[in-house]
Amino acid sequence: SAIAEGGHEVASHSFTHRFSNTVPKEELFQELDKTAALIAGVAARPTLFRPPGGGYNDNLVRELKQHGYTTVLWSVDPRDWERRSPAQISSFVIEKAAPGAIVLLHEGECAAGTPEAVAKIIDTLRSQGYEFVTVSELLQYYEVRD
């Protein structure tokens, strides 16, 4: 796909968006397999998983790891899905940005202000010396430093 070819990383976020820590594990892993198969049709099979709503627990993270997934959350959430304006979204992210930050953003009608906000976020943070990397690149940085 154009997204993967553009150097972007595609991860899994589930198929139905149910909170992962409330779904029977067998159903969750069937859902992840279904999602991975669809993603694999257009990009590399995902190895990263962001649980919907941040719903996870330590046991689930261990089981996800056994199934080949690294669980990833976020550190900056401007709650763009609450129909916030581009200015609200961008100012929040710019204020909260820090080295190693993972910004949670959405797409779709509920986050209509996000595309405009992203342009300002990228331009502003780059001008402040930030570099944008994939989550896997970020995780490799932290693994090397440990």
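These legends walk through a few views of one predicted protein model.

Residue numbers count from 1 along each chain as its sequence is written, and side-chain values rest on heavy atoms, with hydrogens and water left out. Because the model is predicted, local features need pLDDT of at least 70 and side-chain atom pairs count only at pLDDT 80 or more, while totals for chains, interfaces and linings use all residues.

**View 1. The fold, element by element.** The protein chain carries 6 helices and 2 strands (DSSP runs: H or I of at least four residues for helices, E of at least two for strands, numbered from the N terminus). Read from the N terminus, the order is α-α-β-α-β-α-α-α.

**View 2. The aromatic pair.** The structure holds 1 aromatic pair (ring centres of Phe, Tyr or the six-membered ring of Trp within 6.5 Å; planes under 30 degrees apart are stacked, over 60 edge-to-face, the rest tilted). Phe49 sits in strand β1 (residues 48–49), and Tyr69 lies 20 residues away in the loop between α3 (58–66) and β2 (70–71).

**View 3. Around the pair: buried or exposed?** Both Phe49 and Tyr69 are buried, that is, under 20% relative accessible area with a 1.4 Å probe, protein chains only. Across the protein chain, 29% of the 146 residues count as buried.

**View 4. Charged side chains.** The protein chain has 14 positive and 20 negative side chains (Lys and Arg against Asp and Glu, without His or the chain ends). The centres of the two sets lie 4 Å apart, with charges placed at NZ of Lys, CZ of Arg, CG of Asp or CD of Glu.

Key. Buried means under 20% relative accessible area, exposed over 50%, partly exposed in between (1.4 Å probe, protein chains only).
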